[in-house]
Amino acid sequence: MKTRKQWIKPRWQKVLSDLWGNKVRTLLVVISIAVGVFAVGFVSVTFIILLTDMDADYQSVNPHEAIITSQTFSEEFLPSMEKVDGVGQVEGRSSVNVRVKVAPGKKVTMGIVAIQKISEMKIDRLRFNDGETPPELSDHEVYIERSALRAMPLKSGDILSVELADGRLRDLKVAEIVHDITAAPYMFTNRMSAYVNLNTMEWLGGSRDFNQVYLTVSKNKTDKSHVEAVSHQVAEKIKKSGREVFGTYVFQPGRHYASDFITALGMMLSFLGGLAVLLSAFLVVNTIIALLGQHIPQIGIMKLVGGSTSQIVEVYVVLILCFGFLAFLIAAPVSLPLGYSAAKVISGFFNFNVGPFRIPLTAVLLQLGIALFIPVLTSFYPVLNGTRITITEAISNLGISKGIVKRGLVDIILENIRGISRPMLVSLRNAFRRKGRLVLTLSTLTLACGIFIAVFNLWSVINLMMQRTYGYNIADVTVTLNHAYRIEQINPLFKSIPHVVGVEGWGSVPAQLLKADRQTATEILIVSPPAASKLIKPVITAGRWLEPGDENAIVIGNHLLKERPELNIGDILEIDINNNDNYWKVVGIYEIAGMMAAPVVYVNNNYLGSVLNETDRVATYRVALDIHDGATEKMAVDTLDRRLDQMGIPVNQIISRSQFFGGMIASMDAIVYALLLMAMLIAMVGGLGLMGMMSMNVMERTREIGVLRSIGASDGAVLQLVIVEGLVIGLLAWLLGVILAFPFTILLAYVFGVAMVNSPLAPAFSANGYFISLAGILIIAILASALPAKNASRLTIREILAYE
Amino acid sequence: MFENKKNVAVTELHENKQSEAFIRLRNVGKTYTSGAGDFTALKGISLDINSGEFIGILGKSGAGKTTFLNMLSGVDHITSGEVWIGDKCIHRMSETRRAKWRGQNLGIIIQSFQLLPSLSLLNNIMLPIDLGGMYHARKSPERAIDLLCQMDIEAHADKLSSQISGGQQQRVAIARALANDPPLILADEPTGSLDSATAETIMRVFDALVKRGKTIIMATHDFSLARYFTRTIEIADGEIVN
């Protein structure tokens with residue numbers, strides 16, 4: 001008898017038999033664990049790869065920590081800046097904006113940066129072919145940043161015609177498509193980025209001298225205050241040389257601009273993945289309790305033949321470990337490539353590279369740990385409890401309830417309800433018969449339903465947030481000219497364009513909000529709509545919006561408050577605008593979601609004009625159309641561009657509303673899809689939970705079904721009995737889920753807002769989640785109860801009564 | 001033939017104080033408490049059983065036979081009195097120690113066979129060996145096959161319990177009870193659900209085991225089996241009546 005059996009002890013043979021003997025149950029448990037493990041694995045693989053590779057990719061180019069724009073200076077001035085305390089390296093750049101015709105009738109602004117020598121670049125190094133330094137540029141050649149390919153397909157050797165500020169055209173030869181990880185991608189800015197040498201810059205109307213300083217700090221690279229303080233010293237040095245400083249740009253120094261966003265998204269999805277694991281655990285506990293209920297006689301036998309409680313606990317713990325390991329074997333191989341693919345997609349979105357496919361050990365160990373230990377930990381008490389049954393109880397098969405059936409509150413209520421048929425009454429009573437299991441089933445389903453609905457509600461929250469954000473740019477088209485023009489001069493031109501119903505001239509100027517020490521400052525962007533503007537609808541959280549008579553009134557936002565939390569209504573702010581200090585009184589606080597390079601504050605245009613000595617002269621015009629669709633927007637953009645060109649007015653940028661919000665919509669869509677994926681996984685666990693519970697309920701009642709049929713109940717009556725029970729449980733879970741969805745939605749909206757868009761968001765509720773979850777739960781309840789009931793009804797009465 | 005790791009302990013159990021009986025029950029009482037009130041199933045039973053006896057516990061349904069066996073095996077708690085088997089006072093042991101002791105020293109056979117449905121017959125017999133740790137794991141298949149041979153059902157070794165007849169299942173249950181070579185076998189209505197011919201076969205198996213030195217205590221309501229026993233004890237209403 002030399003078989004393998006002699007190598008596997010009978011108790012482990014029992015574990016294998018239990019696994020293989022009831023394949024449906026095993027599959028159900030394994031899939032439910034696998035869904036949770038997959039969710040966590042997928043999220044962890046994606047974000048481990050993203051965060052690791054993003055940082056590695058970013059740091060590999062020696063990124064700038066600050067950029068200072070000023071009047072031009074020569075190369076000889078750079079060493080003196082490098083001597084400023086705290087400065088690591090400095091590099092000069094010269095830049096110019098041109099416009100590129102990317103499609104018939106569509107022009108896009110291209111920011112061109114001149115680089116003295118590619119091979120000697122110290123800061124924000126360009127790369128091509130996955131990491132190599134590109135060759136030196138020849139005259140009239142250009143490197144195109146790869147994210148600009150979204151605007152137009154370009155390749156090495158192509159001739160790109162660009163329109164200079166004065167309207168002249170220049171042809172540039174595309175030398176290479178390069179990658180600049182520090183450049184804001186086209187998708188978010190609607191600006192293409194490109195690079196030329198100093199000769200070409202001069203040929204394009206720019207200067208051989210520099211107008212930007214890129215600097216790194218020698219230490220504390222991620223400390224924004226430190227970077228600002230060092231930048232301030234450098235800016236002061238520039239000022240002392242008699243040059244004007246236009247602005248200092250410090251945004252998330254030492255980190256990729258998307259790192260906070262990606263970290264927050266990862267945490268959010270991890271939270272939902274954790275909830276999926278929790279649901280899986282509920283489901284496993286449920287199944288294990290049902291399994292132990294079925295195994296009571298077997299536990300009794302094992303005890304009868306000398307098995308101790310601890311040995312029997314071991315058997316069931318190993319069984320659960322096997323479920324978990326099988327789930328790991330399913331989930332890990334799927335989550336690894338999918339997680340990597342998701343990381344690839346997201347990195348493409350934010351324009352950084354992830355390395356080649358690899359298996360993050362942390363993610364694998366995390367999955368293995370969750371797959372093995374969460375089911376064991378959560379099921380340990382039920383296992384211990386179930387295996388503590390005495391032999392007499394087990395062999396006589398009285399089960400955990402000891403056969404005592406009490407009349408509970410539900411029975412008393414049901415007995416007093418009139419007009420319910422007897423079979424319906426039986427169904428309702430059955431639904432509440434096994435209260436322990438009912439509580440677990442309801443907990444699983446309620447949690448699943450609540451989270452599912454809350455995720456759909458979060459979708460509404462995001463939509464509402466988008467609607468509110470649109471309120472800050474109601475204009476259908478925004479035109480930015482190269483210079484400020486008198487509003488009276490430009491308005492008639494704009495109003496002559498078909499579909500234009502309104503034009504507003506808006507000003508804007510970068511400025512520094514001085515801190516209490518008056519030495520350091522926070523970079524801000526002052527935006528000035530005309531008094532009583534119709535093209536902005538801000539969300540005011542405190543104080544008020546600007547009024548026509550306001551002079552030095554200023555409305556600050558949540559982004560500024562994040563940096564300067566001490567600010568409040570009534571405060572007087574000292575702001576350095578073009579090297580002149582001005583005082584402004586805070587009259588209101590607005591709220592806007594999203595990322596901002598520099599916090600935006602709003603003031604009245606007339607007053608700002610007087611401060612800047614440019615009364616009634618602005619460079620930005622916001623245009624309202626009578627029809628708000630893409631086609632009309634495009635037509636207006638084309639016509640405006642043509643007219644301005646004809647009039648010799650140089651344009652910096654013309655952008656439609658849909659282009660303006662394109663990047664934000666795309667990133668929000670990506671978040672919504674990720675959330676929906678999580679919602680689907682949670683719904684899957686919940687569905688499996690209901691299906692498993694209903695199946696077990698019906699299977700346990702096979703004998704009862706036989707009795708019912710033996711006393712004359714038809715198949716239909718039996719089916720109705722079981723389905724009504726399923727529907728009662730499903731509906732109850734849904735109702736509880738609806739209630740639970742409220743706090744979940746509030747929590748998710750708050751966490752999402754604070755973590756991802758710098759603004760705690762108010763909850764919003766969508767009917768979709770409620771209806772989809774209701775339909776789903778009813779369908780699953782019917783299927784999960786009807787299928788086993790149908791199988792049971794196929795058995796003969798004799799078979800059913802002999803059923804164990 | 002098979003070296004038992006606990007041979008020394010078992011021998012001690014057999015030879016324990018020759019002057020005293022192998023099994024000693026002193027004023028054993030058992031009262032069940034339920035919502036309907038207290039029910040006394042055993043009323044102060046005192047009894048001595050010697051090693052090598054084949055005892056028949058006879059009585060009608062509800063007389064207290066199963067309760068009596070449960071007190072002996074320690075699967076249920078006594079309300080009063082003492083039960084000694086060899087030098088062990090059964091009810092003073094912890095549940096864990098009692099389970100281990102039971103696995104090494106007792107073979108229990110019950111009416112409904114109670115084989116694990118998911119295991120082969122061979123594995124069902126190996127299970128007490130595995131749990132009790134009495135034999136080396138490598139030896140246990142050999143021992144299980146040997147027991148199946150003794151019960152004349154070795155051909156069915158790899159079958160599941162659902163694939164053999166009731167009589168065959170009961171023989172497997174006996175083989176399982178003998179797996180750890182216990183000195184004492186307790187059988188509760190082992191022939192209760194068998195036809196008379198099969199019951200005869202089972203009784204002959206028991207007879208052979210007694211001849212090999214085993215002590216068997218068997219509860220039955222079938223007074224016609226009395227001829228097989230070396231001594232019969234009749235129980236009625238929780239008391240010994242003969």
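In this predicted model, 25 residues of chain A are in contact with 31 residues of chain B. Between chain A and chain B the count of salt bridges is one. The pair in question is A:R11 and B:D130, whose side chains meet with an N to O distance of 2.9 Å.

Turning to the helices, two packed helices are described by the angle between their axes and the distance between the axes. Within chain A, helix α9 (residues 309–349) and helix α10 (residues 361–387) pack at an angle of about 150 degrees, and their axes lie 8 Å apart. Since angles over 145 degrees count as roughly antiparallel, α9(A) and α10(A) are therefore roughly antiparallel to each other. The crossing in which α9(A) passes α10(A) is right-handed. Sorted by class, the residues of this contact comprise 20 nonpolar and six polar ones, with no charged residues.

A second pair in chain A brings together helix α7 (residues 259–294) and helix α14 (residues 435–470), at an angle of about 160 degrees and with 9 Å between the axes. That angle makes α7(A) roughly antiparallel to α14(A). Here α7(A) passes α14(A) in a left-handed crossing. On the α7(A) side, the residues making the contact include A:M268, A:L272, A:L275, A:F282, A:N286 and A:I289; on the α14(A) side, A:R437, A:L440, A:T444, A:L447, A:I451 and A:V455 are among them. By class, the contact of α7(A) with α14(A) divides into 16 nonpolar residues, four polar and one charged.

The axes of helix α6 (residues 166–177) and helix α7 (residues 196–211) of chain B come within 10 Å and cross at roughly 15 degrees. With angles under 35 degrees counted as roughly parallel, α6(B) is therefore roughly parallel to α7(B). The crossing of these two helices, α6(B) and α7(B), is right-handed. From α6(B), the contact draws on B:G167, B:Q170, B:R171 and B:I174, while α7(B) contributes B:T198, B:I202, B:V205, B:F206 and B:L209. Five of the residues in the contact of α6(B) with α7(B) are nonpolar, three are polar and one is charged.

Methods:
Residues are numbered from 1 along each chain as its sequence is written. Chains are lettered from A and ligands numbered from 1 in the order in which they are written. This is a predicted model: local features need pLDDT of at least 70, side-chain atom pairs count only at pLDDT 80 or more; totals for chains, interfaces and linings use all residues. Side-chain values use heavy atoms; hydrogens and water are left out. Axes are lines fitted to C-alpha atoms, for helices over the stretch in contact, and angles run from 0 to 180 degrees between N-to-C directions. Helices (H or I, at least four residues) and strands (E, at least two) are DSSP runs, numbered from the N terminus. Angles under 35 degrees count as roughly parallel, over 145 as roughly antiparallel, 65 to 115 as roughly perpendicular and the rest as oblique. A crossing is left-handed if the near helix is turned anticlockwise from the far one by less than a right angle, and right-handed if clockwise. Ala, Val, Leu, Ile, Met, Phe, Trp, Tyr, Cys and Pro count as nonpolar, Asp, Glu, Lys and Arg as charged, and the others, Gly among them, as polar. Contact means heavy atoms within 4.5 Å. A salt bridge is a side-chain nitrogen of Lys or Arg within 4 Å of a carboxyl oxygen of Asp or Glu.
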